[in-house]
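Welcome! Let us take a friendly walk through a protein model, one region at a time. Have a look at the sequence and the structure first, and then read on.

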Amino acid sequence: MHRRLLAPAVLAALVLLAAVPAALALTGGQRLFGGLLLRDAKVSAQVKTLLRSQGGFVNPKILIGDLTGDKRADAVVLVGSGDAAGDVALYIVSSDGPNGRTGTLRVAFVDEPRYRVSARVKNAVVTERIPNYAPGDDICCPHTLTERDLKWNKRAGAFRVVATRQVTL
């Protein structure tokens, strides 16, 4: 009788132990920004569920730079789905606010949910790339992308879309 009770307990312990290395493998940035996203009201319940369930994760390739011109680091954070959808949400995190006021680290820009979103930063401009799939396109190879350039607006204390273009691949 003890053997029948012991087997499920051992199995449950092994499952828990298998999950521990994955949680410990998170970088400091992933833990910091993951916690911030879970607490922020602008982040959707869908993305929070993805993060809490460990079905998704903060992409470890966090883009850091002064995006607001306040001489402090800001971050572009992508959330990955953990499956073929790739990165599904983009956030820009900053402590800068309207008219140069500073505060606590917060989510200053949100774009979710998307499919296979990517980003790059150059000269304080964040370029978000979103694939546009046509019938028959493989997941790897959309025919076009939409690129949106995001730039900080000091007066508004927010990131604004300053350019949008379609790119043929």
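## The overall picture

Of the 169 residues in the protein, 37% are buried. Here, buried means under 20% relative accessible area, exposed means over 50%, and partly exposed lies in between, tested with a 1.4 Å probe on protein chains only. This is a predicted model, in which local features need pLDDT of at least 70 and side-chain atom pairs count only at pLDDT 80 or more, while totals for chains, interfaces and linings use all residues. Residues are numbered from 1 along each chain as its sequence is written, and side-chain values use heavy atoms, with hydrogens and water left out.

The protein contains three helices and nine strands. Reading from the N terminus, the order is α-α-α-β-β-β-β-β-β-β-β-β. These elements are DSSP runs numbered from the N terminus: helices are H or I with at least four residues, and strands are E with at least two. Contact means heavy atoms within 4.5 Å. Among contacts between residues at least 6 apart in sequence, 42% join residues at least 24 apart.

## Two helices that cross

Two packed helices are described by the angle between their axes and the distance between the axes. For helix α2 (residues 28-39) and helix α3 (residues 45-52), the axes come within 9 Å and cross at roughly 140 degrees. Axes are lines fitted to C-alpha atoms, for helices over the stretch in contact, and angles run from 0 to 180 degrees between N-to-C directions. Angles under 35 degrees count as roughly parallel, over 145 as roughly antiparallel, 65 to 115 as roughly perpendicular and the rest as oblique. That is why α2 and α3 are oblique to each other.

Which residues of α2 and α3 meet? From α2 come Gly-34, Leu-37, Leu-38 and Arg-39, and from α3 come Lys-48, Leu-51 and Arg-52. Sorted by class, this contact of α2 with α3 has three nonpolar, one polar and three charged residues. In this scheme Ala, Val, Leu, Ile, Met, Phe, Trp, Tyr, Cys and Pro are nonpolar, Asp, Glu, Lys and Arg are charged, and the others, Gly among them, are polar.

## Aromatic pairs

Rings of Phe, Tyr and Trp (its six-membered ring) pair if their centres lie within 6.5 Å; planes under 30 degrees apart are stacked, over 60 edge-to-face and the rest tilted. By this rule there are two aromatic pairs. Tyr-115 and Tyr-133 form an edge-to-face pair, 5.8 Å centre to centre with 75 degrees between the planes. This pair links distant parts of the chain, 18 residues apart: Tyr-115 is in the loop between β5 (102-111) and β6 (118-122), and Tyr-133 in the loop between β7 (125-132) and β8 (144-153). Tyr-115 is partly exposed at 33% relative accessible area, and Tyr-133 is partly exposed at 32%.

Trp-152 and Phe-159 also form an edge-to-face pair, with 5.0 Å centre to centre and 65 degrees between the planes.

Val-76 is in strand β3 (residues 74-80) and is buried, with a relative accessible area of 1%. Leaving out residues up to four places away in sequence, Val-76 touches several others, including Ile-62, Leu-90 and Val-121.

Gln-54 sits in the loop between α3 and β1 (57-58) and counts as exposed at 57% relative accessibility. Gln-54 and Gly-82 are 28 residues apart in sequence, with 8.6 Å from C-alpha to C-alpha.
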